[in-house]
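This report describes one protein structure for a reader who is new to the subject. Please keep the sequence and the model in view while reading.

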Amino acid sequence: NGDHLITISLLKYDINTHSYSIFREVGLEQVQGCVVFHRKSNSIYITGGQSLTYLALATVQMFNVSSETWSTAIAPMNIARIDHGCATDPRTQSIFVFAGNGSEIERYFISNNSWAILNVRFQIVYNVMACVTFPTTTGNIFCLGQEYYGKSSINVIINVIIFNTDTLTID
């Protein structure tokens with residue numbers, strides 16, 4: 001029910017005044033998902049995360065910026081994920097999702113609302129992943145993977161991973 005929703009504020013940045021304002025507030029039943037903006041569809045996607053009862057989620061929600069509407073009619077990921085990374089390939093109708101609860105990489109095809117698990121995997125299961133795409137012609141997505149080692153979460157290794165969207169390989 002609505003009493004248990006988390007309120008998320010979508011902010012809009014005004015380049016003329018150099019200030020943020022609340023564009024829209026929404027109630028979601030998920031936290032720790034990955035948020036990505038897809039320019040070609042002018043939409044914000046929230047992938048996975050954790051439910052308010054601490055379960056990993058495979059759900060995907062989309063906010064269309066032009067129509068200011070939410071859609072939950074997006075196909076779920078194949079793998080439920082928390083603390084994962086996601087990024088778009090600016091040249092295609094694809095969103096890539098990395099790590100979280102496994103070493104698999106998934107690709108979302110916006111054009112037909114479907115997911116595919118790729119044949120490439122990370123050699124390490126990363127606890128936390130953050131990814132970014134740069135508007136280049138190379139098709140690379142850069143990710144930072146955080147890996148804990150030993151008995152304490154104090155011991156952390158951060159790896160830089162480059163994923164090539166043309167060859168679907170980790171470089």
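How many disulfides does the structure hold? The structure holds two, where a disulfide is a pair of cysteine sulfur atoms within 2.5 Å.

## Basis of the report

This is a predicted model, in which local features need pLDDT of at least 70 and side-chain atom pairs count only at pLDDT 80 or more, while totals for chains, interfaces and linings use all residues. Residues are numbered from 1 along each chain as its sequence is written, and side-chain values use heavy atoms, with hydrogens and water left out.

## The disulfides

A disulfide is a covalent bond between the sulfur atoms of two cysteines. Counting the bonded cysteines along the protein chain gives the pattern 1-2, 3-4.

The link joins distant parts of the chain, since Cys34 is in strand S4 (residues 34-38) and Cys86 is in strand S8, 52 residues apart. Strands (E, at least two residues) are DSSP runs, numbered from the N terminus. The torsion about the S-S bond of Cys34 and Cys86 is about -95°, so this disulfide is left-handed. Cys34 is buried, with a relative accessible area of 10%, and Cys86 is buried at 4%. Here buried means under 20% relative accessible area, exposed means over 50%, and partly exposed lies in between (1.4 Å probe, protein chains only).

Cys131 and Cys143 form a disulfide as well, with their sulfur atoms 2.3 Å apart. The link of Cys131 and Cys143 is right-handed, with 105° about the S-S bond. Cys131 lies in strand S12 (residues 128-133) and Cys143 in strand S13 (residues 140-148), so the pair ties together parts that are 12 residues apart in sequence. Both Cys131 and Cys143 are buried.

## An open sheet

Four strands form an open sheet in the order S8-S9-S10-S11, with antiparallel pairing; two strands pair if DSSP finds at least two bridges between them. Strand S8 (85-89) and strand S11 (114-121) stand at the edges with a single partner strand each, so one side of each has no neighbour in the sheet. From one strand to the next, the twist averages 25°, an angle between N-to-C directions of axes fitted to C-alpha atoms, on a scale from 0 to 180 degrees.

S8 pairs with strand S9 (residues 94-98) in the antiparallel sense over five bridges. Within this pairing, Ala87 has Phe96 in S9 as its bridge partner.

## Salt bridges

Which residue forms a salt bridge with Glu106? The partner is Arg81, and the closest N and O atoms are 3.1 Å apart. Glu106 lies in strand S10 (residues 104-109) and Arg81 in the loop between strand S7 (69-71) and S8, so the pair ties together parts that are 25 residues apart in sequence. Glu106 is buried, with a relative accessible area of 0%, and Arg81 is buried at 0%.

Arg121 forms a salt bridge with Glu104, the closest N and O atoms being 2.9 Å apart. Arg121 is in strand S11 and Glu104 in strand S10, so this pair connects parts that are 17 residues apart in sequence. Glu104 is buried, with a relative accessible area of 15%. The whole structure holds two salt bridges, each defined as a side-chain nitrogen of Lys or Arg within 4 Å of a carboxyl oxygen of Asp or Glu.
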